[in-house]
Amino acid sequence: MKFLIPTYALCAATLLSACATSPVLTEFPAGAQALDARAIQAALAGKSFQIGTFLIGFGADQSLSGALGGRADSGTWRAEDGRVCTQFRAFHSGCGELRQAPDGLYVKRVNGQVTKLEPKS
């Protein structure tokens with residue numbers, strides 16, 4: 001199963017804004033490494049990321065929050081070797097490949113696009 005950080009609740013608005021602001025990648029950057037479940041847990045737990053106009057938060061307790069275009073949703077997430085899985089109540093849910101590159105974390109979307117997770121403070 002490919003990545004869907006809601007992946008993307010990722011509705012057309014997020015996809016369009018992400019495409020408009022950065023080049024479309026279909027491959028992970030050079031040097032990007034797959035992470036095991038423990039490393040993914042450490043990289044995401046307690047942190048929030050911006051993906052285009054979509055904001056996603058990974059709780060240390062496996063809770064999940066997302067916001068897009070004035071809408072918000074919640075759910076749960078889990079780390080598996082090489083991928084992260086999200087389960088939202090309303091936004092799109094699923095699993096996707098996650099890799100660590102020298103400049104940050106990247107996820108491969110269900111449509112094959114690779115997107116950087118921009119840390120949100």
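How many aromatic pairs does the ring rule give in this structure? The count comes to 5 aromatic pairs. Under that rule, rings of Phe, Tyr and Trp (its six-membered ring) pair if their centres lie within 6.5 Å, and planes under 30 degrees apart count as stacked, over 60 as edge-to-face and the rest as tilted.

Before the details, a word on the basis. This is a predicted model, in which local features need pLDDT of at least 70 and side-chain atom pairs count only at pLDDT 80 or more, while totals for chains, interfaces and linings use all residues. Residues are numbered from 1 along each chain as its sequence is written, and side-chain values use heavy atoms, with hydrogens and water left out.

I begin with phenylalanine 54 and phenylalanine 88, an edge-to-face pair at 6.4 Å centre to centre with 70° between the planes. Phenylalanine 54 belongs to strand β3 (residues 54-58) and phenylalanine 88 to strand β6 (residues 83-88), so the pair links parts of the chain 34 residues apart; strands here are DSSP runs of E of at least two residues, helices are runs of H or I of at least four, and both are numbered from the N terminus. Phenylalanine 54 has 0% relative accessibility and counts as buried; phenylalanine 88, at 4%, is buried too. The terms are these: buried is under 20% relative accessible area, exposed is over 50%, and partly exposed lies in between, with a 1.4 Å probe and protein chains only.

The next pair is phenylalanine 58 with tryptophan 77. Their ring centres are 5.2 Å apart and their planes stand at 80°, so this pair is edge-to-face. Here strand β3 is linked to strand β5 (residues 71-80), across 19 residues.

I turn to alanine 67, in strand β4 (residues 63-68). Its relative accessible area is 31%, so alanine 67 is partly exposed. Its C-alpha atom is 5.2 Å from that of leucine 55, 12 residues away along the chain. Beyond neighbours within four places in sequence, alanine 67 contacts (heavy atoms within 4.5 Å) Thr53, Phe54, Leu55, Ala72 and Phe91.

Finally, the nonpolar cores, meaning sets of buried Ala, Val, Leu, Ile, Met, Phe, Trp, Tyr and Cys residues joined through side-chain atoms within 4.5 Å. The largest has 19 residues, and Leu44, Ile56, Phe58, Leu105 and Leu117 have the most contacts inside it. At least two residues of this core come from each of α2 (37-44), β2 (47-51), β3, β4, β6 and β8 (104-108). A second, separate core has 5 residues, including Ala32, Ala101, Tyr106 and Val114.
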